[in-house]
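Subject: Structure handover

Hello,

The structure you asked about is below, with notes on what was found in it after that.

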Amino acid sequence: MAAGKKKMAPERWARSTCPYCGVGCGVEVGVKSGKIVAIRGDRSHPANFGKLCPKPAGLPEAVHHPDRLTYPLRRRPGSGFERITWDDALGEVAEKLRATIHEHGPEAAAFYISGQLLTEDYYAIGKLTRGYLGVANVDSNSRLCMSSAVAGYKGAFGTDGPPASYADIGYAECIALWGSNTADCHPVTFGRIQQRKKDPKVSVIVVDPRRTPTAEIADVFLPIKTGTDLALANAMVRVIMDEGFVDEGFVRRHTEGFEEAAEIAGEWTPRRAARVCGVEAEISSRRRGASARRRPRWRCGRWASTRACGAR
Ligand code: SF4
């Protein structure tokens, strides 16, 4: 809200979803005279329970800003743009696509779409491009923000989506935030972790070379040297094995390659990892043992992306 601008009281509230990121927080939209005048968190929504990060606070101004493009413009020969009708715009785009594909084949066309579309929008675009036009070249800005995480998920868990859900936070007794500044990057998730941490039996471990705001709630903060997190992970696996905390049934049912991983981890004593990571072996070893005894655990999914972001 611009300084000095008076807030208007809404006539009614409508439930909707924040359009800005994949957390998908529920919002309540305050409407007056057909315009959005206020935004607040939806307390009944299972993703955020009424909490919001700062981004949607500016939605009323963004939606009604005069610079927002709400109708088609065509570039004028020379300079500038002219307003055209939707029929003209759609006809022109369709004709150019048709001519390009007719002359050069479907490989000559590509679509770059938004990562902020909803599931139904993606479905419609998929049908239009691959199904109707035969164009396989569809990409989005999601590639920039999620592709490294997806590579990490595939390599670590065999699936391209985060394996945990927000609801798991409510059951976790030990939460390891590994290479994630959740306080700044996922404020709504961080709020849930803070809420969970009110239970005295819940502990939080933060692994990050930087002392971020997330580290402020950590019971144990491990400021390892950059690029050494696999040494820490291997030592953690070794301590879990040495102290008999491996859940054999879980390993049998849900993992593959455990023997190979265990063999590599066997080479990583806490002392060796401490030397490489630059953290104290006794503290990290003790905490790993404590965390392994607690279950279930929840980790911020983004840690998996470190695999593709330069971790050794
Ligand atoms: S975390 Fe912030 S940007 Fe993402 S959906 Fe929730 S309120 Fe919107």
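Of the contacts in the protein with a separation of 6 or more, 58% join residues 24 or more positions apart; two residues are in contact if their C-beta atoms, placed from the backbone, lie within 7 Å. This is a predicted model, in which local features need pLDDT of at least 70 and side-chain atom pairs count only at pLDDT 80 or more, while totals for chains, interfaces and linings use all residues. Residues are numbered from 1 along each chain as its sequence is written.

The protein has 12 helices and 11 strands, taken as DSSP runs (helices H or I, at least four residues; strands E, at least two) and numbered from the N terminus. Of its 312 residues, 24% count as buried. A residue is buried with 20 or more other C-beta atoms within 10 Å of its own, exposed with 12 or fewer, and partly exposed in between.

Two residues other than glycine have positive phi:

- Ser33, with phi near 50 degrees, sits in the loop between β2 (26-32) and β3 (35-41). Ser33 counts as exposed because it has 7 C-beta neighbours inside 10 Å.
- Phe49, with phi of about 45 degrees, sits in the loop between β3 and α1 (59-64). Phe49 has 17 C-beta neighbours inside 10 Å, so it counts as partly exposed.

Regards
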